Amino acid sequence: MQIASMHFKARAHDKLGDAQLQRNLSKIKGKFVNKRRSAIEELDDFEATREAARAIRQRVLDDLDVWLEIFEANARARGATVLWAATPDDVNKLVLEIAFRHGAKRIVKSKSMVSEESALDLAIEGAGLEVVETDLGEYILQINGYEPPSHLVGPALHKSKEEVSQLFHRKHGTPRKEGIDELCREARAVLREKYLTADIGISGGNFFVAESGSVVLVTNEGNATLCTTLPKVHVAISGIEKVVPTLEDVATLMRLLPRSATGQSISNYVDVLTGTKGEGEHHGAEHMYFILIDGGRTGVLASDVAEALRCIRCGACMNHCPVYQAIGGQAYGWVYPGPIGSILTPMYAGLENAHDLPQASTMCNQCGVVCPVKIPLPDLQRKLRDRAFAEELRPWQERTALRAWAWVAHRPRLYAALSKLGVRILRLGADRHRMIRRLPFGRGWTAGRDMPAPAGRTFRELYAARRARGDRR
Amino acid sequence: MAPRPRMRVGLFVTCLVDLMRPSIGFAALKLLERPDVEVVVPPSQTCCGQPAYNGGDRENAIALARKLVAEFEGFDAIVAPSGSCAGMVRTHYVELLGDDPAWRVRAEALAAKTWELTQFLADVLDVDTVPGRFDGTVTYHDSCAGLRELGVKAQPRALLDKVAGLKLVEMPECETCCGFGGTFSVKFGEISTRLADDKCRHVETAGADAVVAGDLGCMLNIEGRLRRRGHASTQVLHVAEVLAGERS
């Protein structure tokens, strides 16, 4: 996917002014935040489960190469083929090779964020094959000219029912439907035909289980089950960090993933797919491929933000982020939005292409306290800020201002003299309500807010005067 | 029970309070000064280094952190009328200064005795009366660092409950960020303003006479947006000002 994260501010500006988007975003709290809160209250000990989940994911990262080799051996033993992709382009090449090998014409796909990294759908279409997204949200985006996703779990979260209704009417040439049920039925009818005639089914992978060589898919629509069992060929694509040691570990993580994501105690479907269809078995693909992508992940693993790889893609960080809630996911300009995206995007696509993202956070740490695998997101954002500062990626005005402030703050006498002068000058700029309406060097503030004026004397001046009077009250 | 030995407390006024609203510093002094507590205001104090720390200028952040450690490590406790600045010392200095073993030890020692003002009043001094009086309703905004770094939640409410005449009404989403975020408020002014606007709507829903907070950064942001919205009536006060009855 083309990265547009350097236009973050301009995109955020557009999104803030998009009335329909703002109405859709305002539903996040009811849909996700409140439901999650109720769902975790059901757990006997959320914090203990969270710590266990953190430990499982960290154990994987500590010996990632070993767990991947175990996974590979067990998957092969069950008849699957394990392929490794160093880059997003390699993912596309491998998928097309598989498609040509099996003479495929039509490919159905269930949700895979990783495939967005490589714009896989465009590569498939470019090779003259048909690809159909079957996750309802992804389908909506696909038929709307491959609109970028705005959320990990609900990629079309920014769309209203009315917008979808209009889109279906236009693209399917059917009469306009009003109700959500009717719209779902229409999509289902279109998609059912595709499943039955597809040559290949592509899925993502929530977890790859090392001990059994299985892939675990967590969905609500049942589309992944159809994608992975009806066509003769199943290709599961995900990042190398998605491996977990055991099925027992999956059980622990599943106590948190649906709860954190959608506030469900369990998702509607959990598929555990192991190996190809054996003799006498009725279900399963005849050919099973796993494509595991690096795509910058080993670089993250070796960096000081490696903890970000614990992510299980629940989306809770963005659901709870006040910045995300205000601007939505598309403003972030790449595959992964919100707090986790502010780490992954610069790491996968280059900090120089996305250095606004780690800055676009108030560091309120609402994300950190809800993350089910305890990724310290603001701390990781700060590490990327360190790097951006050291590599001089930030605007010179910002760097100079930070340095000047620190330089003065390190010299108390100068600081006292300059602040004494500064507060008097600022005080002069205040109106009769003691508000400064416009700051020449602080337009970012005063464009939308007044600045309450300083009192006109610093604390240290007043305190010194009080001490001189001998007033020790 | 034997009387508690006199405690020497260093007041970290914070740079924002020093520059913008000294009344908060004097209110903190008034609340802290009692027969068993000696309050000292080290004159060379400036800034805890948070702008540099969060801006990626680690070198300067370390320099300012070391300066503050040296200024305050001699006291029995360091108290700041700010969850953000107290949180900086308490939860970030060890990481920031930790590469040098000698400084790590000093940072750990200081972190362990650093308190946000209401935390110190309620949890350490165990105060049962406060001098302030406020005839009206207030709503309390939980600032992010105070709440999520230090666990400041019950203390300001318990203390406000002791203010004669005061009635506390909660606003919706009192724990949601106001959008200040230090330099974020200028770098991403438009988003910051939007978050402040959401906060103002919640303040208005509560319909209190004053919105009270423990951090001047949040206060400037909330008051700035309230006034720009044309909302002139709701006062924006620091919890220390209300508790001490000392206002700007």
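In this predicted model, Arg403(A), Ala406(A) and Ala409(A) of helix α20(A) meet Asn60(B), Ala63(B) and Leu64(B) of helix α4(B). Sorted by class, this contact between α20(A) and α4(B) consists of 4 nonpolar, 1 polar and 1 charged residues.

The geometry of this helix pair can be described further. Two packed helices are described by the angle between their axes and the distance between the axes. The crossing of α20(A) past α4(B) is left-handed.

The contact between the two chains as a whole draws 50 residues from chain A and 52 residues from chain B. On the side of chain A that touches chain B, 29 residues are nonpolar, 13 are polar and 8 are charged.

Chain A itself is assigned two domains, with domain 1 covering residues 43-295 and domain 2 covering residues 396-468. Taken over C-alpha atoms, the centres of domain 1 and domain 2 of chain A are separated by 54 Å.

Chain B is likewise given a domain assignment, in which domain 1 runs over 7-122 and domain 2 over 131-244. The C-alpha centres of these domains of chain B lie 22 Å apart. To their contact, domain 1 of chain B gives 28 residues and domain 2 of chain B gives 24 residues. Several elements supply two or more residues to the side of domain 1 of chain B that touches domain 2 of chain B, including α2 (22-32) and α5 (83-97) of chain B. That side of domain 1 of chain B divides into 13 nonpolar, 11 polar and 4 charged residues.

Chain B also holds an open sheet of 4 strands, ordered β6-β5-β7-β8, with parallel pairing. Its edge strands are β6 (164-168) and β8 (235-238) of chain B, each of which pairs on one side only. From one strand to the next, the twist averages 35 degrees. Strand β5 of chain B, residues 133-141, pairs with β6(B) in the parallel sense over 4 bridges, and Val138(B) has Leu168(B) in β6(B) as its bridge partner. Helix α12 of chain B (residues 216-228) packs on this sheet and touches β5, β7 (210-213) and β8 of chain B. The direction of α12 makes about 175 degrees with that of β8(B).

Definitions and conventions:
Residues numbered from 1 in each chain as written. Chains lettered and ligands numbered in written order. Predicted model: local features only at pLDDT ≥ 70, side-chain atom pairs only at ≥ 80, totals over all residues. Domains from an automatic or database assignment. Contact = placed C-beta atoms within 7 Å. Nonpolar A, V, L, I, M, F, W, Y, C, P; charged D, E, K, R; others polar. Left-handed = near helix turned anticlockwise from the far one by under 90°. Pairing = 2+ DSSP bridges. Axes fitted to C-alpha atoms, helices over the stretch in contact; angles between N-to-C directions.
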